[in-house]
Amino acid sequence: KKPGDFTFTSTANQFRSLLAGIVQAFGLSGMNFKTHSLRRGGATHLFRLSASSDRVMEMGRWSSQKTCRIYVAEAVSAMNAMMMPKKSKQLIVQYADQFVSLVK
């Protein structure tokens, strides 16, 4: 997306409500997911795919590489400490294709 483009066209409250519903539906309520978790997750995913903090910095629109590295390192640490319930993993796998089709 270009600077200023919206990812989600409804209100912030509608987005938070939708995210809360998804978190609940997948049995992830105890994992403290918030809207900001998506930014962390996206940055971490991109870093794992590209192994390039420069690319993550550009996509995340950070002005400082140091801040970007700290942000991603903290997210990786948090993700490694998470224990997702088996049932949640099964549901995510079951619906993964539908998630991908929503993005295209």
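Ser-64 is partly exposed, because its relative accessible area is 26% and falls between the limits for buried (under 20%) and exposed (over 50%), taken with a 1.4 Å probe on protein chains only. This is a predicted model, in which local features need pLDDT of at least 70 and side-chain atom pairs count only at pLDDT 80 or more, while totals for chains, interfaces and linings use all residues. Residues are numbered from 1 along each chain as its sequence is written, and side-chain values use heavy atoms, with hydrogens and water left out.

Ser-64 sits in the loop between α3 and α4, the latter being residues 65–81. A polar atom of the Ser-64 side chain lies 3.2 Å from the backbone nitrogen of Thr-67. Ser-64 is 10 residues from Asp-54 in sequence, and their C-alpha atoms are 10.0 Å apart in space. Asp-54 itself belongs to α3, where Asp-54 and Glu-58 are exposed residues on the face turned away from the buried side. Directly after α3 comes Arg-61, which has a positive phi, near 60°.

The chain as a whole gives the setting. Its secondary structure consists of 5 helices and 0 strands, the helices being DSSP runs of H or I with at least four residues, strands runs of E with at least two, both numbered from the N terminus. Read from the N terminus, the order is α-α-α-α-α. The C-alpha trace spans about 35 × 35 × 25 Å along its principal axes. Of the 104 residues in the chain, 16% are buried. Contacts (heavy atoms within 4.5 Å) reach along the sequence as well: among those between residues at least 6 apart, 50% join residues at least 24 apart.

Which residues of α3 are buried? They are Ser-53, Val-56 and Gly-60. These residues lie on the same side of α3, because they cover an arc of only 60° around the axis, the arc being that of the directions from the helix axis to the C-beta atoms. An α-helix has 3.6 residues a turn, so residues three or four places apart point the same way. The cover over the buried residues of α3 includes α2 and α4. Ser-53 counts as buried, with a relative accessibility of 19%. Leaving out residues up to four places away in sequence, Ser-53 touches Phe-47, Gln-65, Cys-68 and Arg-69.

The packing of α3 on α2 comes next. Helix α2 (residues 35–50) and helix α3 (residues 53–60) meet at an angle of about 150°, and their axes are 8 Å apart; axes are lines fitted to C-alpha atoms over the stretch in contact, and angles run from 0 to 180 degrees between N-to-C directions. From α2, the contact is made by Arg-39, Ala-43, Leu-46, Phe-47 and Ser-50, and from α3 by Ser-53, Arg-55, Val-56, Met-59 and Gly-60. These residues divide into 5 nonpolar, 3 polar and 2 charged, where Ala, Val, Leu, Ile, Met, Phe, Trp, Tyr, Cys and Pro count as nonpolar, Asp, Glu, Lys and Arg as charged, and the others, Gly among them, as polar.

Helix α2 also holds Thr-44. Is Thr-44 buried or exposed? Thr-44 counts as buried, because its relative accessibility is 0%. Apart from neighbours within four places in sequence, Thr-44 is in contact with Val-72, Ala-75, Val-76 and Met-79.

Terms used: Polar contact = N/O pair within 3.5 Å; in protein donor to acceptor, adjacent residues only side chain to side chain.
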